[in-house]
Amino acid sequence: MNSNMPSMEHSTFEEKNQKSAPEPSGKSWTAELWDWVKTIVVAFVIMMLLNLFVFNLSMVKGQSMQPTLVEYDRLFVNKIVYHFGEPDRLDVIVLRDPSEDAGKKDYLVKRIVGLPGDKIEIKDHHLYVNDVQQTESYTDIEVQDPDFGPITLEPDHFFVMGDNRHEGKSKDSRIFGSITSSEIVGKAEFVFWPFSEMKKL
């Protein structure tokens, strides 16, 4: 019976040693870094896809949309809204510049003032749509450019103008003609920067 005692003590000592052994320290720093890299890459890909198909963040360049928008305003542009509905009168949109002159830009910001089938005319410093003079609360001056039209818009054609009605301040449908829905990038929903000028359009 006494001969069994040492083995019992030895067994108890091993169990204590096993219990007091340090736990594994978890992931190594390289594994942790790799997890972060994967997370950042996935987030970047998602943002790129959203930017490509869902929304865009654009900066206003130029004065053609004053007083509604001023240069360097940042816009949130909804790129999917017109997949579910048609562009509407007075929508502020971003479009690909359809002009072919030396001053051609990649994109323009304009307001839709005429829809397919509308008769558009500018006379006596006022915009007329279907022979009705428009009340344009978004601009601060009468049209100072020469008279235009009348023209009647074809199906899927829209007439766009800048809100700045000072002479020569807006390159729009009076210069490059009506646009089609395929040239519209999206609807400018609101100004998000600067914060002091944040507003819905």
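# Briefing: a buried serine and its surroundings

S170 is buried, with a relative accessible area of 7% (buried means under 20% relative accessible area, exposed over 50% and partly exposed in between, with a 1.4 Å probe and protein chains only). The model is predicted, so local features need pLDDT of at least 70 and side-chain atom pairs count only at pLDDT 80 or more, while totals for chains, interfaces and linings use all residues. Residues are numbered from 1 along each chain as its sequence is written, and side-chain values use heavy atoms, with hydrogens and water left out.

**The whole protein**

- The protein has 3 helices and 12 strands; these are DSSP runs numbered from the N terminus, with helices being H or I of at least four residues and strands being E of at least two.
- Of the 201 residues in the protein, 34% are buried.
- The accessible surface comes to about 13100 Å², and 58% of that belongs to carbon and sulfur atoms (areas come from the Shrake-Rupley method with a 1.4 Å probe, and for residues only the protein chains shown count as cover).
- Among the contacts in the protein with a separation of 6 or more, 59% are between residues 24 or more positions apart; contact means heavy atoms within 4.5 Å.

**S170 and N164, two residues in one loop**

- S170 sits in the loop between β9 and α3, and N164 has its place in the loop between β9 (157–161) and α3 (173–176).
- The side chain of S170 makes a polar contact with the side chain of K110 at 3.2 Å, and another with the side chain of D172 at 2.9 Å.
- A polar contact is a pair of N or O atoms within 3.5 Å; within protein, one must be able to donate a hydrogen and the other to accept it, and residues adjacent in sequence count only if both atoms are side-chain atoms.
- Leaving aside neighbours within four places in sequence, S170 is in contact with S64, K110, M161, G162, N164 and I175.
- N164 is also buried, with a relative accessible area of 4%.
- A polar atom of the N164 side chain lies 2.9 Å from the backbone oxygen of Q63.
- Setting aside its neighbours within four places in sequence, N164 touches Q63, S64, M65, Q66, K169 and S170.

**The largest pocket**

- The largest pocket has a volume of about 380 Å³.
- On a 1 Å grid over the protein atoms alone, a pocket is an open set of points with protein on both sides within 12 Å along at least five of seven lines, whereas a cavity is a set of points where a 1.4 Å probe fits but cannot get out; lining residues have an atom within 4 Å of a point.
- Grid points are joined across faces, edges and corners, and the volume is the space filled by probe spheres set on the points.
- The lining of the largest pocket consists of 17 residues, of which K61, K105, Y107, L108 and V109 lie nearest its centre.
- The elements that give two or more residues to this lining are β1 (55–59) and β4 (107–114), and β4 gives the most, with 4 residues.
- By type, the lining residues divide into 7 nonpolar, 4 polar and 6 charged (Ala, Val, Leu, Ile, Met, Phe, Trp, Tyr, Cys and Pro count as nonpolar, Asp, Glu, Lys and Arg as charged, and the others, Gly among them, as polar).

**Backbone points to check on screen**

- Most residues other than glycine have a negative phi, and most peptide bonds are trans.
- The peptide bond from Q66 to P67 is cis, with omega near 5 degrees, and P67 is in the loop between β1 and β2 (74–78).
- The peptide bond from G149 to P150 is cis too, with omega near 10 degrees, and P150 is in strand β8 (residues 148–152).
- Y72, found in the loop between β1 and β2, has a positive phi of about 80 degrees although it is not a glycine; Y72 counts as partly exposed at 49% relative accessibility.
- N130, in the loop between β6 (126–129) and β7 (132–133), has a positive phi of about 55 degrees although it is not a glycine; N130 is partly exposed at 38% relative accessibility.

- M59 is in strand β1 and is partly exposed, with a relative accessible area of 34%.
- Leaving aside neighbours within four places in sequence, M59 is in contact with Y72, D73 and R74.
- K123 lies in strand β5 (residues 119–123) and is partly exposed, with a relative accessible area of 31%.
- Apart from neighbours within four places in sequence, K123 is in contact with Y128 and D147.
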